[in-house]
Amino acid sequence: MSRIDVAILGATGMVGQRFVELLDRHPLFRVAELAASDRSVGKRYGDAAPWRLDSEPLLQDRVVVACEPGTIRSKVVFSALDKGAAVGIEAAFRDAGHLVISNASAYRMDEGVPLLIPEVNPDHVGLVHAALSAGRGVIVTNPNCTCIPLVVALRPLHDRFGVEAVTCASYQAVSGAGYPGESAWDMLGNVHPHPGDEEEKVSEEPKKILGTLVGGGIAPATFPISARCVRVPVTDGHLIAAQIRLTGNPSPADVVEALRDYVAPYELPSSPRPLLRLTERRDRPTPRTDAMAGGGMAITVGRVEACEVMGIKLFALAHNAIRGAAGGAIANAELLHRMGLIAG
Ligand SMILES: NC(=O)c1ccc[n+]([C@@H]2O[C@H](COP(=O)([O-])OP(=O)(O)OC[C@H]3O[C@@H](n4cnc5c(N)ncnc54)[C@H](OP(=O)(O)O)[C@@H]3O)[C@@H](O)[C@H]2O)c1
């Protein structure tokens, strides 16, 4: 089977490079176009964006093109654009009939835009099913990278018991802020309790993701979430400490069983098996040991224990730039392909 051509908007950033890395030898998709800002247009990819990942540099001689629908032929475009740039550029691609699969937050909370994790809420594709079937342009988004370990852990617990309230605090890697990201002054020998507007995103996005598709919209889940977000001097991997109140006040053993029993509704080329890894070690999960679990696509949960205030407390960890960004977007594209909504 020949692979489907795709473009990467924002190909020169931290997430853009992860897209290039993850799409190399992907069974379904082939990178046809690399696009970025005026700063990079016309340059060799290798010159516009020195490779910042541990892997071998890829596509170094490709020429970077502009993020304009008239320039890009691929119907499917992955977006790793800054939020500010994404607002206008993603809308222009959608209006020109492209399928935009985005990491940016610009459209995540829009009513008609799915905020998707294929293993968690694949039915939310229903928001755009008709438009995609008719060949119209749409935007599909994946969640904030800090939200992902939390919401993947909450899905089985919401299904089995019902979530009543969540409080959480994040320990977020510096790669989550892109390149060059936070200043060295803020990060060296320090922790930084102001990573942008993450707290709002972590408080709101899980409610949409765990909401119910009703008619043409999503009825959000109604439980409150109070989040604090902190950047720590770690390269990759966001760790989240969560306290959760569940209906019926189940024991930690019941919660572990619900997490272990969870079976993702689809198996996709990028899906890790298992999706949720449970560790019994008291010193895990950690970014160094667990961020790359399942090729960076698994969520590791540990320290599931009784909480005197909320009932249950646990840690959950995911790779922010793979599961939390490029890998999550590619999994969304795989889901749409499986549903017959991306033609070969
Ligand atoms: N890093 C993560 O772990 C992570 C996780 C989840 C979601 N995200 C989201 O993913 C997106 C990319 O994040 P990142 O960390 O990769 O950021 P980044 O390293 O700062 O990269 C930003 C990219 O956007 C391009 N860009 C900026 N302004 C542009 C414009 N006006 N026109 C066209 N292209 C423009 C840049 O191109 P030039 O190089 O040419 O300037 C670069 O390719 C953001 O929306 C971020 O919130 C990131």
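The model is predicted: local features are given at pLDDT of at least 70 and side-chain atom pairs at pLDDT 80 or more, while totals for chains, interfaces and linings use all residues. Residues are numbered from 1 along each chain as its sequence is written.

The protein chain is divided into domain 1 (4-144 + 325-338) and domain 2 (147-320), with bounds that come from an automatic or database domain assignment. The contact between the domains takes 29 residues from domain 1 and 29 residues from domain 2, where two residues are in contact if their C-beta atoms, placed from the backbone, lie within 7 Å. On the side of domain 1 that touches domain 2, α10 gives the largest share, eight residues; helices (H or I, at least four residues) and strands (E, at least two) are DSSP runs, numbered from the N terminus. The centres of domain 1 and domain 2, taken over C-alpha atoms, are separated by 24 Å.

**Ligand shell.** Among the 30 residues around the ligand, Gly13, Val15, Ala36, Ser40 and Gly178 come nearest, a residue being near a molecule or strand if its C-beta atom, placed from the backbone, lies within 6 Å of it. Two or more residues of this shell come from each of α1 (14-23), α3 (83-95) and α10 (322-338), and each of the two domains, domain 1 and domain 2, supplies at least three residues.

**Helix α10.** Between its end C-alpha atoms α10 spans only 21 Å, whereas a straight helix of 17 residues would span 24 Å at 1.5 Å a residue, the expected span being 1.5 Å times one less than the number of residues. A kink of about 50° in α10 is centred on Gly328, the bend at a residue being the angle between axes fitted to the seven residues ending there and the seven starting there. Because 15 of its 17 residues are buried, α10 is largely enclosed by the rest of the structure; a residue is buried if 20 or more other C-beta atoms lie within 10 Å of its own, exposed if 12 or fewer, and partly exposed in between, with C-beta atoms placed from the backbone.

| Residues joined | Omega |
|---|---|
| Tyr179 and Pro180 | about 5° |
| Arg284 and Pro285 | about 5° |

Pro180 lies in the loop between β7 (163-172) and α6 (184-187), and Pro285 in the loop between β12 (276-279) and α9 (287-290). Arg25, in the loop between α1 and β2 (29-36), has a positive phi near 65° and is exposed, with 7 other C-beta atoms within 10 Å.
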